[in-house]
Amino acid sequence: MVFRLLTSVVLALHFGFLAYLVGGGFLAWRWPRTVWLHLAAAVWGVTVVAARITCPLTYLEHWSRRQAGESGVGRGFIDRYVEGVIYPERYAALAQALVAVVVLISWAGLLYRLRRTRRAAPPGQGSASTAAANSAPVASAAVTRTRS
């Protein structure tokens with residue numbers, strides 16, 4: 001029972017990682033600091049595909065299945081749950097290329113948004129506290145003039 005639950009959790013983590021790998025760059029449009037986490041995920045994804053490394057989550061899934069009394073799965077996560085399910089196996093290279101294009105588009109969009117935001121903000125007006133501090137002397141000068 002516990003190992004079957006662990007298998008389900010590992011599968012959910014794996015699917016979550018793949019979803020983040022594909023769409024995480026778009027999340028960085030809202031939260032730009034997360035781009036570093038997405039960059040690490042993309043590097044890991046490319047490494048696993050290019051070097052044909054078995055992901056540690058796949059090892060954990062196979063181990064937990066054996067502990068639950070199931071036979072160990074001989075195929076990797078992508079081979080078993082993605083290829084042939086989401087897209088035909090013969091289009092694996094095309095699917096990988098499309099994922100790379102989506103990731104690059106998300107990063108290009110992030111770069112564009114960051115540059116546009118920096119151009120829109122006047123120098124020295126980076127935050128609300130800076131704007132309030134810059135307007136304080138003007139307000140006090142206006143009060144001084146009305147009293148004179």
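The largest pocket holds about 1100 Å³ of space (volume being the space filled by probe spheres set on grid points joined across faces, edges and corners). A pocket here is an open set of points on a 1 Å grid over the protein atoms alone, where a 1.4 Å probe fits, with protein on both sides within 12 Å along at least five of seven lines; lining residues have an atom within 4 Å of a point. This is a predicted model, in which local features need pLDDT of at least 70 and side-chain atom pairs count only at pLDDT 80 or more, while totals for chains, interfaces and linings use all residues. Residues are numbered from 1 along each chain as its sequence is written, and side-chain values use heavy atoms, without hydrogens or water.

Of the 33 lining residues, Leu18, Gly45, Val49, Ile78 and Gln96 are the closest to the centre of the largest pocket. Two or more residues each come from H1, helix H2 (35-51), helix H4 (77-82) and H5 (helices are DSSP runs of H or I, at least four residues, numbered from the N terminus). The lining comprises 24 nonpolar, 6 polar and 3 charged residues (nonpolar: Ala, Val, Leu, Ile, Met, Phe, Trp, Tyr, Cys and Pro; charged: Asp, Glu, Lys and Arg; polar: the others, Gly among them).

Helices H1 (residues 2-30) and H5 (residues 92-120) pack at about 5 degrees, with axes 8 Å apart (axes are lines fitted to C-alpha atoms over the stretch in contact, and angles run from 0 to 180 degrees between N-to-C directions). H1 is therefore roughly parallel to H5 (under 35 degrees).

Confidence (pLDDT, from 0 to 100) averages 84 over the protein.

Technical notes: Parallel < 35°, antiparallel > 145°, perpendicular 65-115°, else oblique. pLDDT = per-residue confidence, 0-100.
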